[in-house]
Amino acid sequence: RMSSEAWKKRCLAASERKKELDLAIIEDQKLAKKRSRSEKDEQLYRGANAVRAVLEREASMDDREMQSMIDSLRQYLRMSVESYCSALKLCPSAIAANVSSHVFQLVSLWFKNCTRAETNDIVNELMRANAMGIPSYRFVPLTYQLFSRIDSTQGEEVNDFQSILRDMVVKICSEHP
């Protein structure tokens, strides 16, 4: 839903509403600074104050809705990665054909979300906790994809994604030479 056109339009409308709120606050402050106000100025001030209050309420609702969507995304992502990891760890090798697509979906989720600021902590944390418990033969069909993601960072600090990926590759190479 967050990549849909409707969501993008909703975010754009919320952004425009916040800009409008900022302008209303500035206008409200200008009207409040006037020392002597006529009846007309007083009506303008009350009207601007009412508009500002409505915009603040709408902006607050927009913020809550966006935060709710982000929280839902994070929760569903966590449940998905945990479920895929559990399935891959617990499934016996005799019925591996039924769960072979799960490793592709898990790695796809990991690769898509490992660099996003709002989700990288979840997927990297879960992959660090679970990847070494998943039998390495499940990742063998993905060796080309895994190896192609290894980044050469000599002398630099290695990020979580690279650290987990390198540990997986070392495990795969040592168990399947």
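These are my notebook entries on a predicted model of one protein chain.

**Entry 1: the overall fold**

I started with the secondary structure, and the chain comes to six helices and zero strands. Reading from the N terminus, I wrote the elements down as α-α-α-α-α-α. Next I looked up burial: of the 177 residues of the chain, 29% count as buried. The chain exposes about 11,400 Å², and carbon and sulfur atoms supply 53% of that area. Then I turned to contacts between residues at least 6 apart in sequence, where 68% join residues at least 24 apart.

**Entry 2: helix H2**

H2 covers residues 39-90. Does its length agree or disagree with what 1.5 Å a residue should give? I checked: the 52 residues of H2 should span 76 Å, and the end C-alpha atoms are 76 Å apart, so the two agree.

I then listed who is buried in H2, and among them are Asp41, Tyr45, Ala48, Arg52, Leu55 and Ala59. Further along, the buried residues include Met69, Leu77, Val81, Cys85 and Leu88. A reminder to myself on spacing: an α-helix has 3.6 residues a turn, so residues three or four places apart point the same way.

Asparagine 49 sits in H2. Is asparagine 49 buried or partly exposed? I get 24% relative accessibility for asparagine 49, and the limit for buried is under 20%, so asparagine 49 counts as partly exposed. Its side chain makes a polar contact with the side chain of arginine 52, at 2.3 Å. Arginine 52 is one of the buried residues of H2.

I find alanine 50 partly exposed, at 42% relative accessibility. From the C-alpha atom of alanine 50 to that of aspartate 28 I read 9.9 Å, and these two are 22 residues apart along the chain.

**Entry 3: Asn113 in H3**

H3 runs over residues 96-113, and asparagine 113 is found in it. Asparagine 113 counts as buried because its relative accessibility is 5%. What lies 2.9 Å from a polar atom of its side chain? I found the backbone oxygen of leucine 109 there.

Leaving out residues up to four places away in sequence, asparagine 113 touches Leu77, Thr119, Asn120 and Val123. Leu77 already came up in my notes as a buried residue of H2.

**Entry 4: aromatic rings**

How many aromatic pairs does the structure hold? I count three. One of them is phenylalanine 111 with phenylalanine 161, which is edge-to-face, with 5.9 Å centre to centre and 80 degrees between the planes. This pair links distant parts of the chain: phenylalanine 111 belongs to H3 and phenylalanine 161 to H6, 50 residues apart.

Both partners turned out to be buried. Phenylalanine 111 has a relative accessible area of 11%, and phenylalanine 161 comes in at 8%. I also noted that Trp110, Phe111 and Phe161 form one aromatic cluster.

**Entry 5: helix H6**

H6 covers residues 160-175. Its 16 residues should span 22 Å at 1.5 Å a residue, and I find the end C-alpha atoms 23 Å apart, which agrees. Which residues of H6 are buried? My list reads Phe161, Gln162, Ile164, Leu165, Met168, Val169, Lys171 and Ile172.

**Entry 6: cysteines**

Last, I went looking for disulfides, and the count comes to zero. For context, a disulfide is a covalent bond between the sulfur atoms of two cysteines.

Cysteine 114 counts as buried, at 7% relative accessibility, whereas cysteine 173 is partly exposed at 37%. Cysteine 173 has its place in H6. Serine 136 is 37 residues from cysteine 173 in sequence, and I get 9.0 Å between their C-alpha atoms.

Conventions:
Residues numbered from 1 in each chain as written. Predicted model: local features only at pLDDT ≥ 70, side-chain atom pairs only at ≥ 80, totals over all residues. Heavy atoms only, no water. Phe/Tyr/Trp six-rings, centres within 6.5 Å; stacked < 30°, edge-to-face > 60°. Helix = DSSP H or I, 4+ residues; strand = E, 2+ residues; numbered from the N terminus. Buried < 20%, exposed > 50% of the residue type's maximum accessible area, 1.4 Å probe, protein only. Disulfide = S-S within 2.5 Å. Contact = heavy atoms within 4.5 Å. Areas by Shrake-Rupley, 256 points an atom, 1.4 Å probe, with all protein chains shown as cover. Expected span 1.5 Å × (residues − 1). Polar contact = N/O pair within 3.5 Å; in protein donor to acceptor, adjacent residues only side chain to side chain.
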